[in-house]
Amino acid sequence: MFELGPILSKAFATLSGWVIAHGVPAMGAWIINKSIQVGALVLGVSLVPMVLVYAERKVSAFMQARLGPMNVGPYGIFQTLADGVKLIFKEDVIPIGSDRILHVLAPMVACAPAFVCFAPVPFGKGLVPINLDIGVIFIFAVSGITTIGVLMAGWGSGNKFSMLGGIRGAAQIVSYEIPRVLSVVPVLMFYGTQSLQGIAMAQTGRWHGFLPKWFIFYPVIGQIAFLIFLIASVAETNRVPFDIPEAESELVAGFHTEFSGLKFALFFLAEYAYVFLSSAMAAALFFGGGDGFSAGGIIPSWLWFLGKTFAIVFLFLWFRWTFPRLRVDRLMQFCWQFLLPWSLANIAFAGLAVLLRS
Amino acid sequence: MIEQWAPIVIFGAMSALLIGLSLVVVTARSVFRGAIALAAALGVAAGLFALLGADFVAAGQLLIYVGGIMIIMLFVIMLSQRPLAKLDRQANDQWLWAALFSLAVTCGLIVQFRAVYRGVFFNPEAAPTSASIGRLLLGDMIVPFEAVSLVLLAALVGAVYFGLGKEES
Amino acid sequence: MTLSLHHFLMLSAILFGIGIYGVLSRRNVLGILMSIELMFNAANINLIAFNHFLYPGTVWGQGFVIFVITLAAAEAVVGLSLVLAIYRNIKSVYAEKLNILHG
Amino acid sequence: MANETTVPTVAPEVFPQVAPEKGMFISLGPQHPSTHGVLRVAITTDGEIVTSAQPDLGYLHRATEKLAEKRTYPQIIVLTDRLDYLAAMTNNWSFCLAVEKMMAVAIPERADYLRIIVGELQRIASHCVFLGTYGIDIGAFTPFLVAFGRERERILDLFEEICGARLTYNYIRIGGVMADAPEGWEAKVRKFVKEMWGHLKEYDTLLTYNPIFMDRTQNIGKMSQEMAIAWGITGPNLRATGFKADVRKDDPYGLYSKISFDIPVGKQGDCWDRYWVRIQEMRESLKIIDQALDQMQPGDTMGKIAKTFRVPVGEGYAHLEAPRGDLGFYIVSDGTPSPYRMHIRPPSFVNLQILQVLLKGWKVSDVIAILGSIDIVLGEVDR
């Protein structure tokens, strides 16, 4: 009933009609429409990390027998806003020995892809910014650019330890990207398309009555694929138990130590945007995106999608406050000798299943 | 619905950016900056592929070139940079001859291309290509597809062999 | 003045020229490797342009580009590990230093 | 990192060995988040592997032993609080034991039981600190807040009730204890002990048997029995190697002989065993506190000693099982109200020496794990 998708598209149609009626060429109306949509997306993606930071502090507080931020606004909800404002006004320090241009560019290169990646994500019925036919590969390709931002940050801050942190971070992101991409392949094999909207739509319906036809409920392939994707995504976003690059007690300096003020906020924004992106992808690929239990029921599809995404985000937060940190070589060994073989085996199972099914 | 002048404007902007970035790659004082410019150039090239309707290849280029090769190249640059190497000049002494030679090659090519392929026009409707590329790779191009996997294997073994170096192996 | 094939070909010709200049004039072996990547890219632009303008329906050009990208990746990996091995022995990546083979 | 750096010319006499020909020189500390205080370890590494480690001490030296020569015996108790600032009770107790041994003073039974209860509570609090900081070294943040916030705070509240202080208690005096426990205090201790059993189970799931934690600590920093004994290691680090040695059993002081408890012993002497031994010791301390509370009868808490008492001429030494090992006090008295010489045998100072041998050959990230598992406190190292 509260489906936002159709309502919004009707609104945009009337808007462009009204604008064309006032003598603006069709191209102009199309540009206005698109710029509003892009503006809304960018605003949403920059607000989501604020919510996630607040959620992380609250969740970690309750796990550690304390209350978390309480006094900036009721239950501390404006705490992250206050942090953001504080970071903006902090002094912007550029170390002397560092390469100025790279130092300034690094946070932008690390943060911009996070926004672009949200283009093909299906927030609900009809709420897809752009229904790209190559949605999945597009997200992995664009999120690869952040690794270059990490390396620029490591090299741009001029000191030995952050360079070491930068190399470790990039090595980790690159090596965990492979199992992450391979773990999504079974989903593509089953549903034949790469557009996230198409995959989400294909997962509607029920299996003999009660079980929703989500990919995670496929007997063996679904669970393995989801687990590998989840683990690899945690490693991609450099979060515990894979947060070697910012390991305080070892290197004392991660790759973003020399960054202060707004630049550090951008790195922070990128990390949480990628956590949200990975959860949104997991929700769309494995939990049937906007499809609700009682399809077409009261709860609109975009609310279902956000609910599933935040459930998976809670997993990310939960990992952070209960797991210790893996050692670097064990981390690499885990990726190459455990995750990769299993994702390849999973593709083989999926191939077999597709063969038997058709 | 998109007017006729839109593609030419986008193409003009992208090609200017591409040429600018590649000049930076070739003349940058610090190799690291050159590498970052190359990564940006490859990104713009991916944009050009998308403009020409090759969406799968554009994503592939970003994934493999920018996400893979450039990262390894940056690793090697960081590992092999001596602390005070920032100051040495990057161009060797026969750069003038190189400039003349490459100018000659470019002008020859441009003259050649202008004469022959003048009149073919651009059609913007882009159909999704990943399905047809998949069929192509596993259909007609199956032999090169398998051969390339052998080449990749050889490259992997070679890289590991050289990477290990004498002492550690 | 609409966008047509020769615009793309001129662009790739310029890129190819810059690549050649880079290969011939860079002192650092890594710089040479990067210029080779530029030349690969110029070729890719040509392939995609031909495929789009002359054979709109098929995807042969794009298939070819995928092979070019894969081979460029293989070549870059081997080249880089060679550079690292050289750096480990003679502590320099400058092309003119690599003359230990001469008689 | 192939760029070689030479050792900066820093106090050459402190680093006698020649600069490392290959590899990097890392100075870990004194402002390093995981050296638990102001310890500096000069580490030379070849790539990721440590080739040599040289602890550099003295950043927290306060000349406690010289100060003691100018103060009367009761005034020295205040100094002993600041030695192992995480276990001030056992410091006071050890000093008082030495003086009482020289003066041959009889301690009322209730005071001795109070000393045992307070001593064991202090051991649990100190091990909680170890638990929290070691969790952070390995990367788990939650145990730190839970161990500090929930456990240690409760114990400090109990101490605050009985002696008014939370860190430097000055509670145990020569001849007995400062004051009797306020009524209701014993009930609170029993309640704490009962709840603590449940909390300790939580640590098993949170850290002890957590696969990543075990992977980071098992077979890391292995210490053989001969090596431990040769380097004079005492306390949980020694027991982790499988050698059963506890002052409370070997040379019983106070009323420990009346209390039955066993000594947890590890198998391999690696980081995990050192951690495991401390968790089991906490369980044993809970048993001891329960038994002491049951056996304790009301009575006076201060023995008969003159106001400005004289310690007979001569020397005396007494030691007890502090949370970090065998803490001893050696006193030489010349009959005057203040000692002629007082020397402290702190366990952390001795346990620290093995770092030179133990850290060799491990990775840099293991160095942090091994250093944390030895659990040293700089207050008693530098005195």
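User: Is the crossing of α6(A) with α12(A) left-handed or right-handed?
Analyst: This is a predicted model, and the two helices are residues 160-191 and residues 328-357 of chain A. Where α6(A) passes α12(A), the crossing is left-handed.

User: At what angle do helix α6 and helix α12 of chain A pack, and how are they oriented to each other?
Analyst: Two packed helices are described by the angle and the distance between their axes. For helix α6 and helix α12 of chain A, the axes are 8 Å apart and the angle is about 10°. Angles under 35 degrees count as roughly parallel. α6(A) and α12(A) are therefore roughly parallel.

User: How many nonpolar residues are in the contact of α6(A) with α12(A)?
Analyst: Sorted by class, this contact has 1 charged and 6 polar residues. Its nonpolar residues number 19.

User: Which element of chain A has the lowest mean pLDDT?
Analyst: Chain A has a mean pLDDT of 85, with 96% of its residues at 70 or more. Among its elements, helix α8 (residues 221-236) has the highest mean, 92. Where pLDDT is low, the predicted coordinates should not be read in detail. The lowest mean, 50, belongs to residues 248-251, helix α9 of chain A.

User: How many strands does chain B have?
Analyst: Along the sequence, the pattern of chain B reads α-α-α-α-α-α. Chain B has 6 helices, and its number of strands is 0.

User: What percentage of the residues of chain B count as buried?
Analyst: A residue is buried if 20 or more other C-beta atoms lie within 10 Å of its own. Chain B has 169 residues, and the share that counts as buried is 34%.

Notes:
Residues numbered from 1 in each chain as written. Chains lettered and ligands numbered in written order. Predicted model: local features only at pLDDT ≥ 70, side-chain atom pairs only at ≥ 80, totals over all residues. pLDDT = per-residue confidence, 0-100. Helix = DSSP H or I, 4+ residues; strand = E, 2+ residues; numbered from the N terminus. Buried ≥ 20, exposed ≤ 12 C-beta atoms within 10 Å, placed from the backbone. Axes fitted to C-alpha atoms, helices over the stretch in contact; angles between N-to-C directions. Parallel < 35°, antiparallel > 145°, perpendicular 65-115°, else oblique. Left-handed = near helix turned anticlockwise from the far one by under 90°. Nonpolar A, V, L, I, M, F, W, Y, C, P; charged D, E, K, R; others polar.
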